[in-house]
Structure formats: C-alpha cells, structure tokens
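Student: I have a model open and would like to learn how to read its features one at a time. Could you walk me through it?

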Amino acid sequence: MSDPILIIPCSGIGKSFGSISREAAYCVVDELKKTQADTLCLSLLVMGDEDAIRSVKSHRCIAVDGCPNECSKKNLELLTAKLAANYRVVDTLRQNRNLRPSAVTFLDEDGRKLARILAEKIVSKIDELNHRGSVS
Amino acid sequence: MNIPSKIGVVSCSGECCVEGTISRIATRLILEKLRPDNTVTICLPLFSIGEKGERMFARYFPTIAIDGCDKRCAKNAIEKYSGKTACSIVVSDLLEKWGIENPSPRRELSKEGVEAATKVAEEIAAAMDDILTRGR
C-alpha cells in the first residue's frame with residue numbers, strides 16, 4: 001500500500017450512527033479498497049500520538065462521522081490534517097428514509113445496509129481522488 | 001462518603017485492533033444489560049473538541065476507562081480534560097491474563113470475541129459495584 005487514503009470514523013458509542021460509521025470504514029478498508037485505504041484510531045489522534053498525527057498530515061484523509069457533532073472532522077481539522085472529504089451517517093440516513101437502523105452493539109440489517117451505501121460513496125470519492133492524483 | 005448513582009464508562013475508539021472492538025462491545029453490554037441504571041457512556045473524541053457536558057460529567061462523577069491497548073487513550077483523555085479516573089481497565093492485559101490470543105477479527109466479533117467482551121464486561125461490572133459500594 002503505497003499512499004493509502006485514511007478513513008477515520010468517529011467513535012460514537014451511544015447511538016447506532018457511530019456503529020454505522022465504523023462499519024462503513026471497515027467495509028472500505030477491509031473489503032472494497034483493501035490496497036488503497038487504511039484506518040486509524042481517532043482516540044490516538046485525540047491524545048496526540050505522534051505517529052498517528054504524522055500519518056494524517058502526510059496522507060489524504062476522509063472523515064466519517066455519525067452525528068452532527070462531527071468529532072472526526074473537527075479533530076482532523078484541529079490537527080491540520082489533509083482532509084480530502086467528510087461524510088455524515090445522518091445525511092445518508094436522510095437520503096434513505098426507508099432504512100431505520102436501531103441496534104447499536106451489533107448492527108441490525110438496516111444498519112448494515114446504510115453502512116454499505118455510505119461505504120460505496122466513500123469508494124467513489126477514493127476513485128475520484130486517485131484519478132485526480134494521477135491526472136495532475 | 002460520597003456514593004455515586006451514575007458512573008461514566010469511557011471506551012477507547014480502538015478502530016485499529018480487535019481489542020478496541022472488544023472494549024466498545026463490553027461497554028455497550030454494561031449499558032444495555034449488566035448495569036443499565038448506573039451507566040453513562042461518553043464518546044471520547046467529544047472531550048477534545050470541548051464538549052462541556054462530557055467534561056463536566058467526568059469531573060463530577062466517577063469514571064472507568066476501558067482501553068484496548070496500553071496506550072490508554074481513554075484514561076489519558078479523561079485525566080487530561082476532567083479528572084482522575086476511578087478505575088482503568090486495559091483489554092489487552094486481560095486477554096493476556098486469560099490466555100486468549102487473536103480472539104476475533106476487528107470488524108465483527110466472532111463467538112470467541114463476544115465471549116471475551118462478555119468477560120471484560122463482567123470485570124467492568126465488578127469495578128462499578130466496588131465504586132457504588134465504597135464511593136469514588
């Protein structure tokens with residue numbers, strides 16, 4: 001993996017949105033874009049881990065937040081990371097009102113569907129960013 | 001003696017490794033099943049973006065940090081922004097103590113991973129009972 005794009009999900013634990021953001025990130029880095037994407041613990045960034053901060057400053061990052069607090073995006077901005085894009089689960093939910101995820105600990109079927117939809121958006125963005133990188 | 005009614009259980013985000021997933025699932029099991037009446041969970045990155053409610057809660061109520069690895073991001077975040085933790089649990093230490101190796105993929109816990117998370121949750125519940133009995 002030469003220049004992976006880092007997918008940084010929020011750490012939400014109180015609602016299904018945080019679980020969906022993580023599942024979307026894992027779907028991208030462990031399945032759909034294994035060789036082009038990686039992830040990092042947001043808490044490492046929050047606590048100022050030097051290696052983690054160096055990574056987000058030297059690689060393009062995509063923030064994936066569950067709720068409008070946007071912890072991932074805001075923390076990346078605070079660190080002046082290379083933030084290439086950001087997504088929110090709540091926005092994807094608004095665009096897919098037929099889905100009603102409710103489980104938090106172990107995602108239900110609607111939660112998984114929503115995570116997959118979000119993961120595919122992220123994959124499209126990765127393709128766009130990589131194409132732009134190869135053209136410029 | 002100040003006997004608290006609520007305890008903050010703060011899990012690391014731990015997206016990088018299975019120990020992080022176990023720490024989150026164990027925290028959710030506490031909230032949903034083992035000690036629902038006494039548990040408040042807090043998203044760790046909310047501390048760093050200055051969420052006053054999270055910081056104030058952790059300042060005035062006892063907290064237990066659940067960390068996946070010995071970097072102890074959750075413990076360090078609480079103590080940096082709010083105050084001393086009442087208890088700190090490190091999942092990797094517990095797994096080593098119990099002789100559990102490679103319990104599960106990080107994305108979705110296997111049966112063995114859920115069993116490990118359940119054992120961690122029981123450790124958290126015991127720590128909570130101790131705090132609820134003797135005060136913070």
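Tutor: Gladly! Let us begin with a term: two residues are in contact if their C-beta atoms, placed from the backbone, lie within 7 Å. Keep in mind throughout that this is a predicted model.

Student: Let me try that on one residue. Which residues does B:Ala74 touch, leaving out those up to four places away in sequence?

Tutor: Within chain B, the partners of B:Ala74 are B:Val10, B:Ser11, B:Cys12, B:Leu44, B:Ala65, B:Ile66 and B:Asp67. From chain A, A:Ser43 is also touched by B:Ala74. As for its place, B:Ala74 belongs to helix H4 of chain B.

Student: I would like a second case. Where is B:Ile42 found?

Tutor: Look in the loop between strand E2 (39-41) and helix H2 (44-48) of chain B. With 25 other C-beta atoms within 10 Å, B:Ile42 is buried. Not counting residues up to four places away in sequence, B:Ile42 touches B:Gly8, B:Val10, B:Glu54, B:Phe57 and B:Ala58.

Student: Now the contact of the two chains. How is an interface usually described?

Tutor: The size of an interface is often given as the accessible area lost when the parts come together. For this model we can count residues instead.

Student: How many residues does each chain bring to the contact?

Tutor: Chain A gives 25 residues and chain B gives 26 residues. On the side of chain A that touches chain B, helix H1 (16-32), helix H2 (42-46) and helix H4 (71-78) each supply at least two residues. By class, that side of chain A has 13 nonpolar, eight polar and four charged residues.

Student: And how should I read a pair of packed helices?

Tutor: Two packed helices are described by the angle between their axes and the distance between the axes. In chain B, take helix H1 (residues 18-34) and helix H6 (residues 111-134): their axes come within 8 Å and cross at roughly 60°. That angle makes H1(B) oblique to H6(B). The crossing of the two, H1(B) and H6(B), is right-handed.

Student: Which residues of H1(B) and H6(B) make the contact?

Tutor: H1(B) contributes B:Val18, B:Ile22, B:Ile25, B:Ala26, B:Leu29, B:Ile30 and B:Leu34. From H6(B) come B:Gly113, B:Ala116, B:Ala117, B:Thr118, B:Val120, B:Ala121, B:Ile124 and B:Ala125. Sorted by class, this contact of H1(B) with H6(B) has 13 nonpolar, two polar and no charged residues.

Student: What should I look for in the backbone angles?

Tutor: Most residues other than glycine have a negative phi, and most peptide bonds are trans. Against that background, B:Arg72 has a positive phi of about 50° although it is not a glycine. B:Arg72 sits in the loop between strand E3 (63-67) and helix H4 (73-81) of chain B. It counts as buried, with 20 C-beta neighbours inside 10 Å.

Student: What about B:Asn102: what is its phi, and is it buried or exposed?

Tutor: B:Asn102, likewise not a glycine, has a positive phi of about 40°. Its place is the loop between helix H5 (91-97) and H6 of chain B. B:Asn102 counts as exposed, having 10 C-beta neighbours inside 10 Å.

Student: Let us finish with whole chains. What is the order of elements in chain B?

Tutor: Chain B has six helices and four strands, in the pattern β-α-β-α-α-β-α-β-α-α along the sequence. Its radius of gyration is 14 Å, which agrees with the value near 14 Å for a compact globule of 136 residues. Of those 136 residues of chain B, 50% count as buried.

Student: And chain A?

Tutor: Chain A has six helices and four strands. Buried residues make up 49% of its 136 residues. Along the principal axes, the C-alpha trace of chain A spans about 40 × 35 × 20 Å.

Key
Residues numbered from 1 in each chain as written. Chains lettered and ligands numbered in written order. Predicted model: local features only at pLDDT ≥ 70, side-chain atom pairs only at ≥ 80, totals over all residues. Nonpolar A, V, L, I, M, F, W, Y, C, P; charged D, E, K, R; others polar. Axes fitted to C-alpha atoms, helices over the stretch in contact; angles between N-to-C directions. Parallel < 35°, antiparallel > 145°, perpendicular 65-115°, else oblique. Left-handed = near helix turned anticlockwise from the far one by under 90°. Buried ≥ 20, exposed ≤ 12 C-beta atoms within 10 Å, placed from the backbone. Rg over C-alpha atoms; globule rule 2.2 N^0.38 Å.
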